[in-house]
Amino acid sequence: MQITNTETVPDREAVEVLGIARGNTVEARNVGRDITQGIRNVFGGELKAYSELLSKARDEAISRMESDAEAMGADAVVNVRLETSNITDGGSEVMAYGTAVRLQ
């Protein structure tokens, strides 16, 4: 499965558009992390625990999008986009979506 944020896959032609493939996950913060990250926030610097949490969530959303595209019979997903939104206080959703296509 090829995944790209461009409109096409280099040196390949899309012969069929299958629809929108998507995957999402909702991740919640950990109370213990909130305390340590709150202290770090006072003194400045990267909030590494949150960076790792969102990175894991992005990877999971992309993996779920890829599974959705495979279920459609796609060879690739083009025009991939990622969005993040607040769902609850302390929980964020990461959504990955793109156009599932069959390649020649």
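I began at a strand end: T88 has G91 as its bridge partner in β4. Strands here are DSSP E runs of at least two residues, helices are H or I runs of at least four, and both are numbered from the N terminus.

I noted the ground rules next. The model is predicted, with local features needing pLDDT of at least 70 and side-chain atom pairs pLDDT 80 or more, while totals for chains, interfaces and linings use all residues. Numbering starts from 1 along each chain, and side-chain values use heavy atoms, without hydrogens and water.

I stayed with the hairpin. β3 (residues 76-88) and β4 (residues 91-103) pair antiparallel over 10 bridges. Pairing takes at least two DSSP bridges. Two residues sit between these strands, and G90 has a positive phi near 100 degrees.

I then followed β3 to its other partner. Strand β1 (residues 2-3) runs parallel to β3, joined by two bridges. I3 is bridged to V77.

I listed the whole chain. I found two helices and four strands, in the order β-β-α-α-β-β from the N terminus. Of 104 residues, 27% are buried; buried means under 20% relative accessible area, with a 1.4 Å probe and protein chains only.

T25 lies in β2 (residues 14-28). T25 counts as buried because its relative accessibility is 6%. Its side chain makes a polar contact with the side chain of E27 at 3.5 Å. Such a contact is an N or O pair within 3.5 Å, one able to donate a hydrogen and the other to accept it; sequence-adjacent residues count only through side-chain atoms on both sides.

Methods
Buried < 20%, exposed > 50% of the residue type's maximum accessible area, 1.4 Å probe, protein only.
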